[in-house]
Every structure is written in structure tokens, then in C-alpha cells.
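Q: Could you take me on a close look at one spot in this model, and then show me how the rest of the picture builds up around it? I'm new to this, so please go slowly.

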Amino acid sequence: MSAILTALNWIWPFLLVLGVLVFVHELGHFIVARLYGVRVHTFSLGFGPKLLKFTRGGTEYCISLVPLGGYVKLAGETVQDAPSGAADEFLSQSKWVRFQVYLAGPVMNMLLAVVVLAFVLSRGADVPIYQTAPPVIGSVLAGSAAERAGIKPGDRIVTVEGRPVPTWTALNLVVIPRPNRELAIVIDRQSQRLELKVVTTAETKYELGSLGVAPVLRPEVLQVQPGKPAERAGLLRGDVFLAVDGAPNLSREEIIAAIRKKGAQPIVFRVERDGQPRDVTVVPEGAEGSSTVGAFIHPWEVERVDPTLWQAFSLSAKQNWDMTKEIGRTLGGLFTRETSVKQFMGPVAIAELSGSAVQL
């Protein structure tokens, strides 16, 4: 029963995503065809028997039973349609016009990606600071590829396979498509350049390349609840944890565990605020083992970004172009066998990711 519910949680988001993509794609064909005066017989979402339909301007608009795609039926679209040679038939148009009609579908899908991402970005977000920071190693996973190669905390990765990696995002884009591959990595260790050979591991069922390293992560206060101990003590959003009761460099989980153990006893947070360290003493509420301070602690530092609408479109265009280039590199990796075929996702994987996104 649980497997059926899980499948249903995947199916309806997938159909929603597919429906939007198909609608926009076919709308592109429809708009350009009508722009050049091509007669459109049918605009359908889905295939098979028609559930709902109406006719306007000589075109039948309908929703069909099978929600896996859709189509636009143009007058005289193929020789099988027995075109009469009328000026409003598709095959009566020039090759340049027909090319534009065909191209309009994928172009509309690309424009959709830009518009949707711009809308998401315009809402603002708390962006992890480490993503755009230099890839300085904060921790190395025990038994990982990085540990076996001799990479240590404090090392700064400079290049991978000769490609500069100025940020953690750039590093991930180089490493993730290359599972189980030997990579030449140049690191900076105390102003000395060292070249190491690292054999990446494959993580998850999609075989994503991994070094087994993480950035320097400092937990940060993301939200303080009104009237709770944290607010009364003066803890603020943006405070970065340096130590708890004298214990430095604790993770989010370790800080929460320390708070829960305290009960109603004072706990001293050493935090960084506006670049300066300070101590904040908070008395948690609740019994020992379950006490809280009323603050949401994020695992790493973030920066609030609230772009204007124009900035959001500019960022969206840049990110879409960067992703397009990365797709090209990944496809190229098939020919050099750098990329695992398991990183390519078909309809089942898209459905699974759509369901996971909805749950989040």
C-alpha cells in the first residue's frame, strides 16, 4: 500500500510538470503557425479520446484522456494529409517559415525556463555563502577519496584536470560528472602548490562523482522566535556560532544537543556579529533533555538575496546558460567515458524528482 501511495505522490507532480512543458511547447508551434497564417485544425493536451473540447477561430481546442504529451495539428502538415495547395496550409509555406514553426516549440521551452527561474529568484532566497567562496577544505570524510589522496583541512583546491575552480560550485560542476575517475588536482597548502591524483567515488544510484570533502561550515541563526529565551537574551538573525560553553567549531546538531542537555541552566554562546565576537548568555526553557531557546539554527552561513525583477531575469539567463554549457560538457563526457550513463534521467527519474520537490 505504501508503495502505491509513493508512486501516486510521484505521478501527479510528473503529469503536472509534463503538462506545463507540453502546453508551452505546443503553444510555440501554434503561435508561430498562426502568425504566418497557417490554419490549425487541433490544439490538444494529451492523446486519445477527447474529454473536453470547443472550437474557436476554426481551431478545435481539447483536453484528451491520456495526459502524456499533446499535439498541434496543422492543415496540410504532411503529404499523407493530401494537401490541396491552399495558401494557409503548412506545406505551402517556405522552408524558412516551416523551420520557424518547428523551432518555436523548443524555443518556448527555453523561454519558460528563464521566466520560471526569474520568478523564483525574484522572491528572494537565503543563499549559502560557501557556494561562491573559494574551495577551502573544512573537513575530509574518513575513508574518502580525498583522505586516501592526502588532502587535508585547510587545503585550497586550485584546479581540477587543469580547469580552474574558483568556487565550491565550480568544483562540484567538475567533480560530479566524473565518478570513479582519476583526477589531477592542484591544491594550495600554506602557499605551496601540490599536485595530487584523486580517484573519485560514485555516490547515490545516479553515480555522482565525489571527493569526500566539505567546506568550512559555521552554523548561523536564521530566525529568532518572538518572546523566546533567544530573543530575550539578545540573540539575532545572522549571528554565527563560534563556540558553545567554550567548545569551539560545533556543528548544528552538536549545538542543538548542547542546548537540549542544559535544561533551565544558562548556556553561553560565543557568536560573531558584524565581524566581531561577543558572548550571549541564554537560559533555555523546558526540562533537561528537551530544552529549547527558540531559535532556528542553520547548518551554514547564508546571505539574503532580494534581486529586482530585472536582476532576477539577468541572473536567470546567466544560470540557464551556465546549466546549458554544463549539459554540453556532460554529453561530451559520454564520448570520453568520463560521465556515467546513470546520471541521465528518463521519465521515471523525472517523476521521482518531481515528487520529492513537492514533498519539500
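A: Let's start with D239, which counts as buried because its relative accessibility is 0%, and buried means under 20%. Keep in mind as we go that this is a predicted model.

Where does D239 sit along the chain? It belongs to the loop between α5 (229–233) and β13. Now look across to G275: D239 and G275 are 36 residues apart along the chain, with their C-alpha atoms separated by 9.7 Å.

Follow the chain on through β13 (240–244), and you come to another loop, the one between β13 and β14 (247–248), where D245 lies. Check its backbone: phi of D245 is near 50°, a positive value in a residue other than glycine. D245 counts as partly exposed, because its relative accessibility is 39%. So we have D239, buried at 0%, and D245, partly exposed at 39%.

E161 is another residue to check for its backbone angle. It has a positive phi of about 55° although it is not a glycine. E161 is also a loop residue, placed between β5 (156–160) and β6 (163–164), and with 42% relative accessibility it counts as partly exposed.

Next, let's turn to charged pairs. How many salt bridges does a search of the whole structure find? The count is 17. One of the pairs is K50 with E60, whose closest N and O atoms are 2.5 Å apart. K50 lies in strand β1 (residues 40–56) and E60 in strand β2 (residues 59–74), so this pair ties together parts that are 10 residues apart in sequence.

For another pair, go to helix α7 (residues 309–336), which holds both D322 and K318. They are 4 residues apart, about one turn of the helix, and they form a salt bridge with the closest N and O atoms 2.9 Å apart. D322 counts as partly exposed because its relative accessibility is 27%, while K318 is exposed, with a relative accessible area of 52%.

Then there's D306, whose side chain meets that of R304 in a salt bridge at 3.3 Å, N to O. D306 is exposed, with a relative accessible area of 52%, and R304 is partly exposed, at 42%.

What about empty space? Rolling a probe the size of a water molecule over the atoms shows where it is left. The second largest pocket holds about 370 Å³ of space. Its lining is made of 17 residues, and W168, N172, V213, A214 and P215 lie nearest the centre. Which part of the chain gives the largest share of that lining? It is α4, with 4 residues. Alongside α4 (168–175), the elements β4 (137–140), β10 (208–210) and β11 (213–215) each supply at least two lining residues. Sort the lining by type and you get 11 nonpolar residues, 6 polar and no charged.

Let's finish on the outside. L35, Y36, W96, F99, L103, V107, M110 and L111 form a nonpolar patch on the surface, with about 850 Å² of accessible area together. Helix α2 (residues 95–122) gives the largest share of this patch, 6 residues. W96 is found in α2, and W96 counts as exposed because its relative accessible area is 57%, with the cut-off for exposed being over 50%.

F30 counts as buried, at 12% relative accessibility. F30 and Y102 are 72 residues apart in sequence, and their C-alpha atoms are 9.9 Å apart in space.

Technical notes. Residues are numbered from 1 along each chain as its sequence is written. This is a predicted model: local features need pLDDT of at least 70, side-chain atom pairs count only at pLDDT 80 or more; totals for chains, interfaces and linings use all residues. Side-chain values use heavy atoms; hydrogens and water are left out. Patches are made of residues with over 30% relative accessible area and no salt bridge: like charges are joined within 9 Å, nonpolar side chains (Val, Leu, Ile, Met, Phe, Trp, Tyr) within 5 Å. Accessible areas come from the Shrake-Rupley method with a 1.4 Å probe; for residues, only the protein chains shown count as cover. A salt bridge is a side-chain nitrogen of Lys or Arg within 4 Å of a carboxyl oxygen of Asp or Glu. Buried means under 20% relative accessible area, exposed over 50%, partly exposed in between (1.4 Å probe, protein chains only). On a 1 Å grid over the protein atoms alone, a cavity is a set of points where a 1.4 Å probe fits but cannot get out, and a pocket is an open set with protein on both sides within 12 Å along at least five of seven lines; lining residues have an atom within 4 Å of a point. Grid points are joined across faces, edges and corners, and a volume is the space filled by probe spheres set on the points. Ala, Val, Leu, Ile, Met, Phe, Trp, Tyr, Cys and Pro count as nonpolar, Asp, Glu, Lys and Arg as charged, and the others, Gly among them, as polar.
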